Amino acid sequence: MNQIFFFKSMLTPKIITVVYWLLLVGVVFAGLGSMYTGFGGFSFGSFIRGLFYIVIGAVGARIWCELMIVLFKIHENLQKLADRDS
């Protein structure tokens, strides 16, 4: 706990993992909602559009979360370099 309270370790990378899973759940629900809603109800076009939303949304969420984690890994490695030099 001392590490977290005095900012010696980062809490956000652990939170990003939870955010990623929440984003995936949201993307799947949005894709399924897109498949089964609309004026015509369920159709081939809405099914394809829903699959497209799911695939692109999942890839986009993954890329965003990976970029966030890369920033924290850079910080972690810079801390190691700073600790090694001093």
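Start with helix H3, which has 42 residues and reaches 61 Å from its first C-alpha to its last, close to the 62 Å expected at 1.5 Å a residue. Here a helix is a DSSP run of H or I with at least four residues, and helices are numbered from the N terminus. The expected span is 1.5 Å times one less than the number of residues. Before we go further, please note that this is a predicted model: local features need pLDDT of at least 70, side-chain atom pairs count only at pLDDT 80 or more, and totals for chains, interfaces and linings use all residues. Residues are numbered from 1 along each chain as its sequence is written, and side-chain values use heavy atoms, with hydrogens and water left out.

Now meet helix H2. This helix has 25 residues, and from its first C-alpha to its last it reaches 36 Å, close to the 36 Å expected at 1.5 Å a residue.

Which residues of H3 are buried? They are Ser46, Gly50, Ile54, Ala61 and Cys65. Buried means under 20% relative accessible area, exposed means over 50%, and partly exposed is in between, using a 1.4 Å probe and protein chains only. In H2, the buried residues are Ile16, Tyr20, Leu24, Val27, Gly31, Ser34 and Met35. An α-helix has 3.6 residues a turn, so residues three or four places apart point the same way. What covers the buried residues of H3 includes H2, and what covers those of H2 includes H3.

Let's zoom in on two residues. Glycine 50 sits in helix H3 and is buried, with a relative accessible area of 0%. Leaving aside residues up to four places away in sequence, glycine 50 touches Gly31, Ser34 and Met35, where contact means heavy atoms within 4.5 Å. Serine 34 lies in helix H2 and counts as buried because its relative accessibility is 11%. With residues up to four places away in sequence again not counted, serine 34 touches Ser46, Arg49, Gly50 and Tyr53. Glycine 33, also in helix H2, counts as partly exposed at 27% relative accessibility.

Next, look for the rings. A pair of aromatic rings is described by the distance of the centres and the angle of the planes. The structure holds two aromatic pairs. The rings of tyrosine 20 and tryptophan 21 have centres 5.5 Å apart and planes at 65 degrees, so this pair is edge-to-face. Rings of Phe, Tyr and Trp (its six-membered ring) pair if their centres lie within 6.5 Å; planes under 30 degrees apart count as stacked, over 60 as edge-to-face and the rest as tilted. Tyrosine 20 counts as buried at 14% relative accessibility, whereas tryptophan 21 counts as exposed at 53%. Phenylalanine 52 and tyrosine 53 form a tilted pair, 6.4 Å centre to centre with 50 degrees between the planes. Tyrosine 53 counts as partly exposed, at 42% relative accessibility.

Note on methods
Helices (H or I, at least four residues) and strands (E, at least two) are DSSP runs, numbered from the N terminus.
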